Amino acid sequence: MSIVSARHNQPLPTPAGGEPFLLTPGPLTTALSTKQAMLVDWGSWDGDFRAMTAELRRALLAIAGGGDAYDCVPLQGSGTYCVEAMLGSLIPRDGKALVLANGAYGVRIAKTLGYLGRAHTVLDKGDYLPPRGAEVAGILAADAAITHVVAVHCETSSGILNPIGEIAAATAAAGRKLLIDSMSAFGAVELNLGKIACEAIVSSANKCIEGVPGFGFVIARKEALTASAGRSHSLSLDLHDQWQVMNKTGQWRFTPPTHAVAAFLHALKLHAEEGGQEGRLARYTRNRDVMVEGMRGLGFETLLVDAWLSPIIVTFFTPADPAFEFTRFYELMKQHGFIIYPGKLTVADSFRVGCIGQVDEHAMRRVVEAAAQALAAMGVASGVPAAAALAERRHLAA
Ligand SMILES: *Cc1c(COP(=O)(O)O)cnc(C)c1O
């Protein structure tokens with residue numbers, strides 16, 4: 001990747017006021033100027049704020065690349081609210097979903113469908129194996145009732161980057177519709193609605209666009225939005241109603257997160273200045289590569305083999321040394337200015353380090369130094385995991 005922005009040549013600043021870096025996949029570390037963009041109170045009915053909403057929708061559609069066939073519907077709440085709105089609005093009550101799960105977010109999608117009373121079946125790949133196109137094709141061929149496939153783009157619980165291209169191809173070949181939770185990937189990982197067959201994607205403000213939490217957005221085929229009238233189980237999560245009212249009045253139906261929208265518009269500007277999705281991917285990829293190489297130098301190993309490592313978040317096995325204690329490690333890393341994430345796996349003890357947000361390779365080198373010092377402080381000789389944990393990983397090599 002050769003795209004380097006002007007801003008990119010200088011180290012990004014450390015968060016103001018001695019705050020730690022959030023190496024967590026949202027909320028994440030935002031630019032000081034993004035935070036400063038919130039220092040105005042906007043009236044939700046006012047023309048200025050309506051123009052901001054219109055600009056936000058236009059910019060997101062441009063990033064998604066689907067052209068006129070799609071529209072963008074922002075919605076209040078965290079990402080999960082928007083996933084639920086997408087599922088409850090776009091899957092007909094008599095439809096059936098195939099959920100491709102390989103971690104907590106896929107499992108949450110299935111749980112949501114249970115609440116919504118939508119028929120569904122789950123391809124559960126466990127903690128870290130990718131759902132493959134051929135498997136999807138097989139399940140769809142065997143079950144004519146399935147109308148929609150729901151996939152997670154980057155499964156943030158392990159950091160695996162799922163093969164969306166082959167999943168989309170298999171879904172389209174079987175004449176079914178694809179919904180993608182691209183929460184932690186959109187804006188950094190390529191996802192062009194002009195190139196893959198997809199009914200809708202969902203993401204939120206506080207992931208790769210690097211805004212603050214408060215809302216998410218669904219980018220869906222206009223045809224699908226039109227067909228969703230009267231389908232939602234919920235007034236506040238009714239995507240069709242939100243879309244219609246927004247198109248008619250320029251307003252959000254209920255109190256919008258005005259400050260979060262202002263911050264997001266500024267974050268979109270920074271995203272464009274960095275070279276859009278490609279520029280952001282280049283920085284995040286560099287963050288990951290520098291951090292993973294450094295951590296491996298300390299003996300740590302990644303849960304995933306390189307082919308499935310995302311540039312979003314990386315899961316490391318807990319070191320085998322009995323002197324290692326995660327809560328102590330967490331505190332020591334925090335003292336050095338870095339907030340990391342506990343693991344979210346059922347099979348193995350692990351922890352996670354995010355690569356997204358206003359962080360660059362310079363900070364990532366300091367993350368590795370901090371980890372080295374934390375190990376030394378605990379009297380842990382190296383980050384090498386148990387042999388059994390590494391044996392697990394071999395499943396993935398195929
Ligand atoms: C962050 C995230 C969500 C939404 O989580 P919220 O806590 O509701 O914002 C959904 N799916 C994935 C893959 C995510 O990374």
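Predicted model: local features only at pLDDT ≥ 70, side-chain atom pairs only at ≥ 80, totals over all residues.
Student: How far apart are the C-alpha atoms of His-362 and Ser-44?

Tutor: His-362 and Ser-44 are 318 residues apart along the chain, and 40 Å separates their C-alpha atoms. For another pair, Ala-54 and Cys-72, the chain separation is 18 residues and the C-alpha atoms are separated by 9.7 Å. Ala-54 has its place in helix H2, residues 47–64, and counts as partly exposed because its relative accessibility is 44%.

Student: Which residues are around the ligand?

Tutor: A residue is listed there if one of its heavy atoms lies within 4 Å of the molecule. Here the residues around the ligand are Ser-78, Gly-79, Thr-80, Tyr-105, Arg-108, Val-152, Cys-154, Thr-156, Asp-181, Met-183, Ser-184 and Lys-207. By class, this shell has four nonpolar, five polar and three charged residues.

Student: Which atoms of Ser-78, Gly-79 and Thr-80 lie by an oxygen atom of the ligand?

Tutor: For Ser-78, a polar side-chain atom is 2.5 Å from an oxygen atom of the ligand. For Thr-80, a polar side-chain atom lies 2.4 Å from an oxygen atom of the ligand. On its own the ligand has 380 Å² of accessible area, and the protein covers 86% of that.

Student: What space does the ligand take, and which elements give two or more residues to the shell around it?

Tutor: The ligand takes the space of the largest pocket. Helix H3 (79–90) and helix H4 (104–116) are the elements that give two or more residues to the shell.

Student: What does the side chain of Asp-71 contact, and is Asp-71 buried or exposed?

Tutor: A polar contact is a pair of N or O atoms within 3.5 Å. The side chain of Asp-71 is joined to that of Trp-243 by such a contact, of 2.8 Å. Asp-71 sits in strand E2, residues 70–76, and is buried because its relative accessible area is 10%.

Student: Where is Thr-302, and which side chains does its side chain contact?

Tutor: Thr-302 is in the loop between helix H10 (276–297) and strand E11 (313–317). With a relative accessible area of 0%, Thr-302 is buried. Its side chain makes a polar contact of 2.9 Å with the side chain of Arg-296 and one of 3.4 Å with the side chain of Glu-301.

Student: What kind of peptide bond joins Gly-26 and Pro-27?

Tutor: The angle to read is omega. The bond between Gly-26 and Pro-27 is cis, with omega about -5°. Pro-27 lies in the loop between strand E1 (21–22) and helix H1 (32–36).

Student: What is phi of Glu-210, and where does this residue lie?

Tutor: Phi of Glu-210 is near 70°, a positive value in a residue other than glycine. Glu-210 lies in the loop between strand E9 (200–204) and strand E10 (215–221). Glu-210 counts as buried because its relative accessibility is 3%.

Definitions and conventions
Residues numbered from 1 in each chain as written. Heavy atoms only, no water. Polar contact = N/O pair within 3.5 Å; in protein donor to acceptor, adjacent residues only side chain to side chain. Areas by Shrake-Rupley, 256 points an atom, 1.4 Å probe, with all protein chains shown as cover. 1 Å grid on protein atoms, 1.4 Å probe; cavity = no way out; pocket = protein on both sides within 12 Å on 5 of 7 lines; lining within 4 Å. Sits in = over half its atoms within 2 Å of the grid points. Helix = DSSP H or I, 4+ residues; strand = E, 2+ residues; numbered from the N terminus. Nonpolar A, V, L, I, M, F, W, Y, C, P; charged D, E, K, R; others polar. Buried < 20%, exposed > 50% of the residue type's maximum accessible area, 1.4 Å probe, protein only.
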